[in-house]
Structure formats: C-alpha cells, structure tokens
Amino acid sequence: MAEPTRPTVYSIAAHRGFADALVAGIVPRYFEYGLGLARLTMLLPSTRAVRTITEAFIRNAGETGRDGLLLPRMVVAGALDLDEALGALLDPLGAADIPPAADPTRRLLRLAELLRVELGADAPPAPALLRLARDIAAVMDRLLVEDIAPEALLSDTVLDRLENLADHWRGNIRLFAAIQARWLAELDARGEVDAATRRNRLFDHAARRWRAGPPAYPIIAAGVTSAAPALARMLRVVSELPAGAVILPDLDLSLSAEVWDELGSAGAAAEGEAPFATGDAVTHPQYHLKLLLNRMGIAREEVQPWHRRGIAAAAPERSHAISSLFLPPQASKAWVDLPADKRRLAGVRVMESAGPEEEAQAAALLAREALEVPERRVAIVTPDRGLAARIVQHLARWNIAADDSAGIALSQSAAGRLFLLLADVAAQQAAPVPLMALLEHPLVRRGEERARWLQQARRLDLVLRGPRPSPGLGPLGELAEKHKLTNWWDEVASILAPLLEGDALPLGAWIERLTQAGEALAGAELWSREDGRALAMLLDDLRLNAEEGSLAIEPRDLAPILRDFCDAVQVRPPYGGHPRLAIYGLLESRMTRADLVICAGLTEGSWPARPATDPLLAPAILRALGVPGADFRIGLAAHDLAGLLGAPDVVLSYARRDAAGPAIPSRFVLRVRALLGEDLLDKHIEHGAVTLARALDHAEAAQPYQRPEPCPSVEQRKVPVSVTALDRLRSDPYQFYASAILRLNPLDALDAEPTPAWRGIAAHAILERWHKQGGSIEAIADAVLAEASPHPLMLALWRPRLMKALEWATAEVAAQQGRTPEVFEERGEMMVRGVRIHGKVDRIDRLDDGTLAIVDYKTGSPPSGAQVEKGYALQLGTLGLMAEAGAWPKATGTPSKFEYWSLARNAKSPTGFGYIATPVLDGNKRSGIPPDNFLPQARFFLDDALDRWILGEEPFTARLNPDAPGYDTYDQLMRLDEWVFRDTGAKGGGA
C-alpha cells in the first residue's frame with residue numbers, strides 16, 4: 001500500500017474565472033503529445049459542468065492556436081445518477097458486491113402505497129399521498145447522503161428532543177420511521193438499495209481502490225463543492241494521489257483566521273456538541289466549503305492558490321472586495337474603517353427597476369449593447385424563470401435568439417399541456433374550459449386539416465358559451481346535433497369516450513388511455529419535439545413502474561398527480577441560440593464565465609429563495625442528527641453570487657415590485673450598497689438602461705383619453721329601438737351605440753356563472769309555457785331546465801329558490817280578482833316617426849273595466865320610483881304605449897295598471913319569495929309618476945330620445961348620466977377608467 005502524500009488542494013479565486021482558469025492550468029500541466037489530455041480523468045459536479053469545461057477547452061485551443069485536442073475523460077461525481085457516470089471508471093468486477101439501486105419512480109409509487117396502508121381510513125386522496133411520499137423520499141435521501149443510518153432516529157439524542165416537540169412533529173417522525181422501516185424491508189427482499197446508498201458505496205469503493213493502488217492515470221476533482229461525507233472521503237483520497245488534485249471554486253484564502261473561526265464549527269464540533277451549532281454562519285458563502293474541508297480532514301492552510309487566470313478574468317482587487325462584502329456579522333464591523341480602495345467594486349453596477357417588465361427590458365438592452373462588441377460574451381443569471389422568459393421575449397424584438405438553459409417545466413410545454421388537458425377533461429367530465437383548450441391546442445390536427453378542425457371547434461366554442469352544461473359527452477352530443485356539428489363531434493367523442501368511462505384505475509391504465517387519446521388528436525406531433533420526447537420518457541418510466549393493482553386513482557385526482565410529475569421534469573431548449581449569449585438558472589451558472597454577467601431577480605424570496613422547513617423532521621431533530629438546517633441553501637445562493645461577481649463587468653438587478661406586490665431587495669444587494677457607502681454608491685448605479693427601457697415603448701407621453709362622444713351619420717342612427725334599449729339610450733347613450741349601431745353583442749365566457757339574464761330567460765320560459773299550456777309548473781320547470789342542460793351543482797343551488805318564487809307567482813295569478821290574462825310572452829311593435837319600436841311583453845291582463853294591466857316579470861329587484869321619474873326605467877310605459885297603439889291585437893285598449901312581479905326574496909311572502917311593485921306614484925310611495933301622467937310622460941321621454949339621438953345629431957356620450965343604473969358590458973370599449981374620475985367625478989368604474 002502506497003504511503004499517503006500531502007493532499008493537493010487548490011482554490012481558484014472568483015476573479016480568475018473558474019472554468020477558463022482551470023483549463024489554462026490543466027493544459028500545460030497534463031498535456032502530452034500523441035495522447036494529449038486523454039489520459040486525464042476529471043471528476044465534475046454535474047453534466048452542465050461537463051459542457052462548461054468542454055467549451056473552456058475549445059476556447060483555450062483557439063487562444064493558444066492548437067489545431068486539435070483530445071479532451072480528458074469527464075465524469076459526473078456530484079449527482080445521484082453517479083451509478084452510470086462512474087461505472088465505466090471502475091473495474092467492472094470491482095463493484096459487483098454493491099446492490100443495484102431502486103428505481104426512484106417505483107420507490108415513489110411504493111411509498112405512496114405504503115402510506116395508504118399505514119394511514120388506513122385516515123389516508124388522504126392520491127395526490128396528497130404522492131406529495132407526502134415525495135417528502136418522505138426527499139428526507140430519506142437527505143439523511144442517506146449525510147451517512148445517517150435509519151436507526152439514528154431511535155438514538156437517545158433524538159428521543160430526548162422528542163419530548164419537547166409539538167404533537168404533530170412527533171406524529172410525523174413516527175410516520176416517517178414506520179414507512180422507512182417498511183421500505184427498507186422491501187428493499188432487502190428485492191436485493192436493492194436506495195440510489196443515495198449506492199452512491200455512497202461507490203464513492204467509498206473508489207476511495208478504497210485508489211488508496212490501495214493509485215491509478216496510472218491522473219485524476220483531478222474540479223468544482224465539486226458538495227460536502228456529503230462519502231464524497232468528502234473520496235475527494236481526500238483524490239487529493240493524496242500522486243497525480244491527483246482537488247480544485248475548489250472561490251474558496252476565500254484571504255479571510256483572517258478570526259473570520260474563518262467566526263463561521264462556526266461546520267461539522268467539526270467538539271465531542272458531545274451538535275455538529276451544527278445554532279450560532280454557525282450557515283448563510284455565509286464559505287460555510288459549505290469549510291464543511292467540505294472539515295469532512296475531508298484538510299485545514300484551510302493546506303489549500304494552495306491557483307495561479308492561472310481565465311480569458312474573462314477580472315482584476316485581483318475584485319476577490320478582496322467580494323471577501324469584504326460577505327464578512328460575517330462581527331467581522332463586518334470593519335466596514336466602518338475600511339478605506340475606499342478596499343470597498344471599491346470597479347465594474348459592478350446596481351440596477352433598480354420599477355417592476356419585472358421594466359427589469360427585463362433593461363436587462364435585454366444591456367445584453368444587446370454588449371453583443372455589439374465583437375467576441376464579447378454575455379450571461380444573464382436569474383432564478384426567476386418568469387423573468388427569464390420576459391428577457392427572452394424582449395431580446396427577440398431585435399432578432400436575438402436567447403435560450404433559457406434552465407429550461408421550462410414539462411407541464412408548461414406544448415406536449416405537456418396537451419397531456420394534462422386530456423387529464424383535466426377526464427377529471428372534469430368534459431367541462432367546457434379544458435375541453436375547448438384541448439380541441440384548439442396547437443398540436444391537435446396540425447397540418448392541412450387543421451383549418452377545418454378549428455372551424456368546427458370554434459363553432460362548438462360559441463355553443464358552449466354561458467353556464468356549464470351537464471357533465472359527460474351525452475349533453476354535449478345533444479348540443480352538437482342541435483347546431484349541426486354531429487359528424488365532427490362523433491369523431492371527437494370516440495376519442496374522448498375512454499377517458500370518461502369507469503371509476504378509479506391504476507396509474508398505468510390511465511396513462512395508456514391518455515396516450516391513445518393524445519395520439520388520436522395530435523398524432524406524431526405529440527412526440528416530435530424535445531418536450532414530446534421528455535414526455536415520452538416520463539410516461540415510459542411511469543408505465544414501467546406503475547404496477548397493476550397498486551394505488552388506484554380516481555378521475556378527479558388524475559390531473560394533479562400528472563401535473564406534479566410533469567413539474568419535476570425540466571425541458572431544455574435545443575442548441576441554436578446566440579453563440580455569445582446565455583441565460584442560466586443558478587445551478588446552470590456555476591463555473592460559467594462571461595465578459596458581462598447580469599444577475600437579475602435579486603429580491604428576497606427569489607435570490608435567495610425562502611428557506612423551506614422540512615415537513616417531517618423538526619429543525620431540532622435535524623440538528624441532533626447532524627444535518628444542516630434550511631438556511632444552508634442561502635449560503636449556497638450566496639456562493640453562486642460570489643462566483644458571478646468575479647466577472648469583469650457585473651450588473652446586479654432587482655425590481656421594487658413583483659407580480660405579488662412590493663418586493664424587498666435581496667440581502668446581497670443591501671450588502672453591496674452598505675459596503676459601497678454613500679460616497680461610492682452613486683458611481684455604481686446603472687441609470688442608463690432603466691431610463692432607456694422606460695422610454696423605449698413610451699417615446700411620448702400619452703395624451704389623456706377623452707370621454708367618448710361618437711357621432712354617427714344620419715343613416716347609421718336610424719335603427720330599430722327595443723323597449724329595453726330605450727332605457728339604456730337615455731341613461732348611457734354610448735352603450736346603446738355599441739350594441740344597436742356597432743352591433744357589438746357581448747359574448748359569455750366558457751363555464752360562466754349563471755348571470756341574472758340567464759336566470760331571467762329560464763324563468764320567463766317556464767312562466768310562458770305554464771301560461772300557455774297550464775299544468776304543473778314544477779313539471780314544466782323541470783322540462784325547461786332539462787332542455788338547458790345546466791350543471792347539476794348550479795341546478796341544485798338555484799332550483800329550490802326558483803320553485804318557491806314560481807309557487808308564489810302561480811298562487812298570485814290564481815288569487816287575482818277582476819282581471820283575465822290575455823297575452824303571454826309575445827312580441828309587438830309600433831312605428832313612431834318612421835322608427836320601429838319593438839319589444840316583448842311578459843303578460844297583459846284585461847281588467848273588468850275594459851282597460852289593460854301591463855305585467856313585467858323580474859327575477860331581481862324592480863326599478864325604483866326615482867329611476868322612473870328620470871326616464872331611466874320606462875319599459876312598462878313604452879309597452880303601454882305599444883299596447884295603446886295596437887301592437888298586440890289580442891289585447892287592445894288603454895293600459896291603466898303597470899306592475900312588476902318580482903321573484904326576489906320577500907320575507908312577507910308565504911313562500912319567502914315574490915312581491916308586486918308599480919312604477920307609478922300610488923299609495924304611500926314617495927317617488928314615481930302619477931298614474932294619469934305615466935303614459936304621457938313615457939311618450940315625452942320616447943320623443944325626447946328620438947329627437948336627440950335617433951333622428952337628431954346629439955353624440956352618444958359615454959356615461960352621460962353617471963348616477964343612472966347601468967351595466968359594465970362596454971366599460972373596456974369606452975376605456976372608462978381612463979377618464980371617469982376626471983370627467984364625471986365618479987367614485988368607481990362600471991355600475
């Protein structure tokens with residue numbers, strides 16, 4: 001056995017640029033003619049790091065003028081998929097005694113099933129079970145990576161702390177321990193181990209082999225910062241190999257011993273003390289590196305500085321400024337006496353924007369400006385994927401293609417959305433919103449037949465506007481037949497029918513049905529792009545591991561379950577963006593370097609992210625077990641920023657507001673501002689990009705929008721006027737102009753809540769049929785409502801109230817003396833000065849004295865007397881004028897009574913609903929029009945409206961009478977909120 005040598009550990013300072021500096025030092029050290037660097041093996045932290053180092057080798061070859069280069073063997077050593085990455089590096093027989101790893105997806109599904117059995121009758125629905133299973137799997141991996149055995153949960157240290165915990169924490173720990181024990185027993189029976197356990201054993205196996213017999217080829221570990229104990233042990237062995245080395249990124253060798261000690265014990269506590277003390281500076285960017293060195297058994301003084309620098313290196317003073325920037329609390333007191341040259345962050349700018357849109361625009365402008373310089377590289381780094389998407393879109397306006405290398409969740413991709421829409425259709429029994437989103441999806445019927453398909457789909461879209469119909473394909477088929485869509489709908493129904501059949505099914509059966517429906521709708525387009533391939537891999541994985549007879553899934557649970565699986569899969573774009581521009585997430589940005597680095601989205605909750613408390617193990621238990629707390633990830637985010645600050649030109653960007661409201665600048669930005677102080681801060685503020693971003697889309701100040709006053713021509717004005725539109729014409733002429741002259745009829749939303757108008761139409765239809773046919777009004781109501789196919793929930797909530805109101809109406813009709821109904825729900829018209837006045841009367845009764853009573857049914861409250869006096873509610877008066885003019889031959893005569901029969905609530909009614917009101921000044925009423933003046937006044941208001949707007953030249957002014965009741969149908973068209981407060985003094989928008 002070879003004697004261990006002094007460990008070889010290096011640190012590449014932040015200002016040198018890790019990847020380029022690493023390659024600049026490796027090439028002259030390990031290059032050999034003939035073989036080149038091919039004999040070198042590099043252990044790297046991620047597959048992204050492999051790509052970054054490969055690009056650095058290419059840049060180095062171009063800088064040094066080499067014609068060709070054989071690259072080293074690069075092995076991923078920091079992720080849980082080490083089994084495949086490290087397998088080729090080991091002797092094929094050397095790891096035969098290490099059991100295979102359990103499939104992560106199978107483990108998740110089995111944990112959910114074990115939870116269902118363990119919880120019994122208290123088990124939550126399947127989506128919650130799977131989320132709880134994910135939490136348990138994450139905690140198991142977290143403990144296994146830290147080399148914490150399952151029996152550690154039963155140690156005296158943990159049990160002592162259980163007594164002081166709340167009941168829910170104790171219950172969570174018991175549940176976790178029970179599920180873990182069941183799972184480990186199942187693993188033993190299958191001869192498998194968890195992936196994290198296998199990973200640890202592979203590390204230990206490699207360490208033993210290399211210590212016993214150092215390989216003939218050099219091995220270096222570069223950029224690996226994970227402090228997992230097994231990995232740390234292997235890195236220690238690598239550092240002691242004759243031709244080995246460990247190269248760390250951004251380990252601060254300039255910190256004083258006092259500051260280094262202030263970081264805390266970092267896993268090297270004295271015997272009997274917790275490995276991670278409550279006073280440890282776990283949020284410091286150097287803390288996890290100190291933890292790694294402690295677990296490697298290497299003192300910081302043994303680490304050597306790397307003296308090579310990269311292509312895009314900054315001045316050495318930058319690293320000193322970064323060190324000062326992140327000093328822990330006690331040491332940061334030195335800022336007070338720190339001279340300006342030690343606080344200067346030359347090349348670092350702070351950019352404050354009003355909101356995320358402005359921030360994205362400014363970042364895109366900075367990137368575009370930098371790309372104008374030949375060979376200048378730009379990296380935009382942000383953990384906010386929404387902000388990244390905005391930046392991509394702003395760059396596209398200048399034809400700069402930028403791909404977000406962090407990718408998007410599969411659930412947000414085209415293929416993922418199509419598959420989830422199929423699940424939503426199954427879960428909601430073909431509800432209109434998911435159904436139409438599915439049928440009009442861009443991947444459906446892509447090709448020559450898409451135009452015809454969309455034509456039919458849009459016709460169905462119009463049919464389904466309004467309240468949701470009854471669930472299932474049957475009611476939709478009836479609507480399709482009614483509107484002559486049968487042939488097309490039959491094809492759709494045959495595709496979707498299997499999704500709406502049956503109850504709970506195993507996950508594998510659901511995936512099979514969804515896949516068949518997806519292929520029938522989209523064909524090969526579903527799988528042809530990168531998102532489709534990612535979806536196919538996910539479905540194959542689920543289908544392979546979803547055993548028959550396992551967790552049964554109800555249709556309503558299918559969509560959230562699949563959405564959780566899709567959210568965990570990232571779809572990264574293919575290559576093809578701008579060669580000198582990259583957009584990264586935090587993980588992807590590690591080890592990268594560019595001439596300009598824009599760190600965007602630097603707000604609390606984004607960078608750094610909010611620490612998430614472990615849902616199963618209390619913080620006190622984690623400390624007792626020796627697991628870093630939730631704040632540990634803040635230190636990792638700080639280290640990411642520290643590495644990025646080493647670029648020659650850096651912009652730290654944040655917005656004062658985000659989508660949720662006011663935002664707090666990141667603690668890192670506040671540190672930069674505090675370090676610079678008032679004397680230097682102004683020189684580091686980026687004003688130009690923000691100013692240009694604000695001016696880019698707003699070159700001139702927008703002129704105040706005036707109240708609309710359209711003035712159509714004489715021919716355009718002369719349109720028929722309905723009795724209901726007359727009230728609208730007088731109260732808000734613009735609304736009449738939009739509906740009657742422009743003919744802009746409002747379109748109901750899909751799956752809309754039943755509006756008062758919809759309920760009124762249904763009630764009128766019931767009363768009309770009852771008046772004309774007689775019989776049981778309850779049977780008639782059921783028939784009318786069945787024809788409308790309302791959703792059962794809406795029907796269950798509204799029908800009881802409707803029946804009580806109809807019961808009152810039928811009883812009131814029967815109780816009326818001295819009057820006989822003659823006209824029911826009939827249309828009529830009259831000509832007034834060449835203008836057709838038309839309308840539909842609900843009921844006309846003949847009184848004993850030969851005069852008429854005009855009745856109007858209302859499902860809500862009738863107009864007030866004050867509204868009638870001002871001429872805003874003249875429907876009954878206009879109907880009376882029409883009856884007097886003979887608009888309804890069945891009921892001719894002079895009207896003397898005008899009544900609103902309201903079906904609204906009335907505590908005095910025997911059924912609790914219904915009352916009669918009149919617009920005339922009668923009895924104890926204080927407002928209204930006297931009976932003898934009612935028709936003359938109605939005629940006056942009618943003539944006035946015709947003179948001013950229909951036959952005159954007065955403009956159709958928007959909100960002419962702000963106090964008049966109205967609708968908000970055309971508020972957006974009239975741009976109400978832009979002028980209403982200025983021109984009318986109103987206190988709000990639409991009535």
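A: Helices (H or I, at least four residues) and strands (E, at least two) are DSSP runs, numbered from the N terminus. One case is Arg 959, in the loop between helix H37 (931-950) and helix H38 (980-983). This is a predicted model: local features need pLDDT of at least 70, side-chain atom pairs count only at pLDDT 80 or more, and totals for chains, interfaces and linings use all residues. Residues are numbered from 1 along each chain as its sequence is written, and side-chain values use heavy atoms, with hydrogens and water left out.

Q: What phi does Arg 959 have?
A: Most residues other than glycine have a negative phi, and most peptide bonds are trans. Arg 959 has a positive phi of about 50°, although it is not a glycine. Arg 975 also has a positive phi of about 50° and is not a glycine. Arg 975 is found in the loop between H37 and H38.

Q: Is Arg 959 buried or exposed?
A: Buried means under 20% relative accessible area, exposed over 50%, partly exposed in between (1.4 Å probe, protein chains only). Arg 959 counts as buried because its relative accessibility is 10%. Arg 975 is at 36%, so it counts as partly exposed.

Q: Which peptide bond is cis?
A: The bond from Trp 607 to Pro 608 is cis, with omega near 10°. Pro 608 lies in the loop between strand E14 (596-599) and helix H25 (619-625).

Q: Which residues have the most contacts inside the largest nonpolar core?
A: A nonpolar core is a set of buried Ala, Val, Leu, Ile, Met, Phe, Trp, Tyr and Cys residues joined through side-chain atoms within 4.5 Å. The largest has 95 residues, and Trp 489 and Leu 496 have the most contacts inside it. Apart from that core lies another, of 85 residues, among them Ala 14, Leu 325, Ala 331 and Leu 586.

Q: How many disulfides does the structure hold?
A: A disulfide is a pair of cysteine sulfur atoms within 2.5 Å. The structure holds 0. Cys 566 is buried, with a relative accessible area of 2%. Cys 599 is buried too, at 0%.

Q: Where is Leu 742 found?
A: Leu 742 is in the loop between helix H31 (733-741) and helix H32 (756-773). Its relative accessible area is 37%, so Leu 742 is partly exposed.
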